[in-house]
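Hi,

Here is the structure for your files. My notes on its sheet and pockets follow below.

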Amino acid sequence: MKGVNQLVRKPIFFERNRVYRIYKGGMPYKELFNDGFDDGLDNMFPEEWIASKVKAINPRYFGERDGVSKIKGTNVFFDDLLRLYPQELLGGRKYDCLVKFLDSAVRLPFQVHPTKEFSKKHFNSDYGKTEAWLVVAKRENAKLYFGFKDRITKEQLFELEERSEVEKDIMGNLLAGVDVNVGDIWLIKAGLIHAIGAGCTIIEVQEPTDFTIQPERWCNDYHISKEEEYIGLEKSVALDAINYDIFGELAKAYAKVAPKIEIDSSTYKKEVLISYEDTPCFAENRHVIKNGGSFVMNYAPSVYICLDGNAIISGENYKREIKKGDYFYLPYVAEGKFTISTNSTATLIECLPSKQD
């Protein structure tokens, strides 16, 4: 590809990457991205996968590598670029997180993600699927769900899943819901049963897999197959992925995270949303700049999302304007060489890969 040696040395932008799921959503993306790609209606492509090297696990596919990002203005897949230019893009470090926008018009099936150990045993994968949610928008009566309301056994859940074939909402009634506020941060460790309720728009950072066990027969009017429920596992084995000891108020407290202010000046504020003390799987920061404020992007590989406002990336004889909804990957060789600044206001979310062995 022409100019690839320069491409891998500066912030890398991507084509929009909407991913098919079994639920409807996506209405807020028209305002969020404001680039003509979205029509402002809910549809079956409610997730935008960002700088993704992960292939989606779906009941049907719409392209060569659904879920994997393409470099903007090219037909080059990001996983290929990482393979061909590992030193420039990674520098011996890992890029082992998946970042996405997710918007739900309906309650998602209640679900659980496997631990690293469970994934190694059953999927031959080095990663589970711990994830974090940052609420960026909401509709009326939006809720999230963490844990069962009361203690439940694997045997009880086994039976209730069978009943959900004809009692469509029986599983949702088991879960403990919380009201949603924009700016809330939640950490959903592998093993915690959870669900995203109708009306939530979130930025999700997670381990780089699409392993989702969802022991419920329906997602709104969509009938979930056994393969989709248990992703190839026997039902009894799949239900072992759930931590049955976390329920009620304990589950909500287990998931809630408070941001920590690291820098706070008149023109620049940095908050740690998810730290490596919270989980070794990834980290997440929020940068707010205003009135001439700036900061240097001092760690790579990393992913940045412009959540609000307008800013300029500059450095290495490079300058590019970014606006709300733009996102990019910062290669290893670009570490510490580029600054983001604004004369108005801007909010950026920074997502960092894991420090797992």
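**Sheet and pockets**

Leu144 sits opposite Ile196 of S9. The model is predicted: local features need pLDDT of at least 70, side-chain atom pairs count only at pLDDT 80 or more, and totals for chains, interfaces and linings use all residues. Residues are numbered from 1 along each chain as its sequence is written, and side-chain values use heavy atoms, without hydrogens and water.

Strand S6 (residues 143-148) pairs with S9 through 3 bridges, antiparallel. Strands here are DSSP E runs of at least two residues, and helices are H or I runs of at least four, numbered from the N terminus. Pairing needs at least two DSSP bridges between two strands. The order S7-S6-S9 makes an open, antiparallel sheet of 3 strands. Strand S7 (175-179) and S9 are its edges, each pairing on one side only.

The largest pocket holds about 410 Å³ of space. A pocket is an open set of points on a 1 Å grid over the protein atoms alone, where a 1.4 Å probe fits, with protein on both sides within 12 Å along at least five of seven lines; lining residues have an atom within 4 Å of a point. Volume is the space filled by probe spheres set on the points. Of its 25 lining residues, Arg21, Ile57, Asp210, Thr212 and Gln214 are the closest to the centre of the largest pocket. Strands S4 (98-104), S5 (131-138) and S9 (194-196) and helix H7 (226-230) each give two or more residues to that lining.

The second largest pocket holds about 260 Å³. Its lining has 17 residues, with Asn17, Arg65, Asp66, Gly67 and Val68 nearest the centre.

Best wishes
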